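Look over the sequence and the model below before reading on. The notes that follow cover strand pairing, a sheet and a chain contact.

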Amino acid sequence: MTAVRLTLPQPYRDLDHTADVGVEVTGASAEETLARLVLAQSTLLTGGELVAPGPDARVAVASQGGLAALSVELLRELLFRFATGRVLPGACEVVRLDASAAEVVVALGPYDPVRHAEGLDLKAVTRHGARFDRVDGGWRAQVIFDI
Amino acid sequence: MKLRRIEGDLWEIEREGEMLVPGRVYSVGPPAPDDPALRQVANVAHLPGILRFSLAMPDIHWGYGFPIGGVAAVDAATGAVSPGGVGYDINCGVRVLTTGVDAETVRARLSQVVSQLFRDIPTGVGASRAIPRLSEDDLADVLAAGARWAIRRGFAASNDDAERCEEGGRLAGADPAAVSERARQRGVDQLGTLGSGNHFLEVDRVAEIYDDAAAESFGLFPGRAAVQIHSGSRGLGYQVCDEALSSLAATRTDFGEAYRALPDPQLACAPVESESGRAYLGAMQAAANFAWANRQVMTGLAVRALARALGASEREVGARLLYDVCHNVAKRETHLVDGRPRDVLVHRKGATRAFGPGDERVPATYRAVGQPVLIPGDMGRYSYVLAGTSKAMEDTFGSSCHGAGRLLSRGQALKAARGRSIARELSQRGIEVLSRGHKTLGEEMSEAYKDVADVVGVMARAGITRLVARLEPMGVIKG
């Protein structure tokens, strides 16, 4: 695996949902897809604005539920850090990803209440509808957030 | 799925397969058989220990596992408790404060009033520090004492606020020790903050009275100003729910065939009397107490802000808590089932308790007319104050609807709002609104919601609640 560091902005698609919000991302590899999922969460939190560079942090999660469950666990961990430390990833590099564990290096920059005023208050990353699948020519993942 | 009309706006989902009870749906117009929320009503009917019906209120929409607007009562000893039956925002709820101030007096200083409220009550993403960060001991007290903690600290409209909250503003079974360190970290600096999304603080005008005696008992008089607060347990409650869902999803199948056979893994649950069930209930009740303290702190801040903006004393403002209801909770209650009293655990997810006249659990001052039931609408139209009835006790475990329910997704609403200034449109109609984000106003505009009048109309025609008064917004703050 060649680790690739992705920075904001990255492409994602809004999933229409009556009460909450969802995102779908695609990538050439599972690692790229996971990194885009991480940055899609940041984009929702910032309202599409960039995040000032911050120090790198290594975040690792484990799950027996496959890649979809792993991605939910990773986003939950990052959302917890946002909720308690007001920091969020402006860049993400997936350094390990297999069926039961993921490890990323994220540049955690500060949340700016003025610049990021249009961001959504994501409260939880739900397991409902979480997907992480191989598709023709790459990977596709989706997650729904409770807001 | 077979749907048949029982009477009026009440429909039944016939029992089939492994459903333990039928579904009962109160509906604005005939329910659409392909509505995924109806499938969820049927799924909830599989919940171990469920009694009589899986119920849905007329503001039903799809939720995680349980529909929002769902009510399920299970046997308190042998049934199951489900975090999905409570929701992420534990004890999200509504309170209304009456005042002695004429609405026109407020209108004359409306910009100052709204600005002062917006300054004093933090809103939006990660809102925090309405009051100094809580110490560990204080947070433990909040989790145990609920609204009473805030009242002791001087955040109150009047000295009987706690009595005017559902359950006295505190669930006695709360176990602060069951609340994780992570949940505590998320809540420690959020007490007294509104949050975002559909949460709001409004200054309303009492626009119409439908029941003079009940309105007088509730302290509602035409043309007076009132304050309405909609918020919940903030990040702390979310963390409690999230952790419980993770834990119970992994262990659900340990509790026997009835749990293994549940049709939707989102219905993660555990026996009420299991270690997991008790741990969730203890933490959930502590989070509910956090929510009551949150709304109580905002009450104190709002009364002070109102007085300051009006250049009046708090005494002159004459604020008094009408009532505080929770609409995301599971509570132990006693109800008549097949003619005999039975201890049940009632899950109300997007549903409001609506106890009828004469019930000892209704504050003495309201006991002759029934419990106040507070139903917010949207920021451009109106909200309702209702009263619970004896029919609700017979038919819905003393439960009613909780709001308007969304009509448009957030994306659809933003599309419809493109090129418009929702704040200006509201201002032209005499409603001043301040929000942290511009997008919030598009997502939360009136057209995004059903007409709450239709929803409360269904409940009134079914005899579940009585209309008491309509409130119309003058000033709104949002996240």
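In which sense do S12(B) and strand S13 (residues 340–349) of chain B pair, and over how many bridges? They pair in the antiparallel sense, over 10 bridges; two strands pair if DSSP finds at least two bridges between them. Strands (E, at least two residues) and helices (H or I, at least four) are DSSP runs, numbered from the N terminus.

This is a predicted model, in which local features need pLDDT of at least 70, side-chain atom pairs count only at pLDDT 80 or more, and totals for chains, interfaces and linings use all residues. Residues are numbered from 1 along each chain as its sequence is written, and chains are lettered from A and ligands numbered from 1 in the order in which they are written.

**The open sheet**
- S12(B) and S13(B) belong to an open sheet of 7 strands in chain B, with the order S1-S2-S3-S4-S5-S13-S12 and mixed pairing.
- Its edge strands, S1 (3–7) and S12 (328–337), each pair on one side only.
- B:Leu336 stands opposite B:Pro341 in S13(B).

**Strand S9 of chain B**
- In S9 (residues 224–231), 7 of 8 residues are buried (20 or more other C-beta atoms, placed from the backbone, within 10 Å of a residue's own).
- Strand S7 (residues 93–102) of chain B pairs with S9(B) in the antiparallel sense over 7 bridges, and B:Val94 stands opposite B:His230.
- Strand S8 (residues 200–209) of chain B also pairs with S9(B) in the antiparallel sense, over 6 bridges.

**Between the chains**
- 24 residues of chain A are in contact with 27 residues of chain B (C-beta atoms, placed from the backbone, within 7 Å).
- Helix H2 (residues 66–85) of chain A gives the largest share of chain A's side, 4 residues.

Notes: Two residues are in contact if their C-beta atoms, placed from the backbone, lie within 7 Å. A residue is buried if 20 or more other C-beta atoms lie within 10 Å of its own, exposed if 12 or fewer, and partly exposed in between; C-beta atoms are placed from the backbone.
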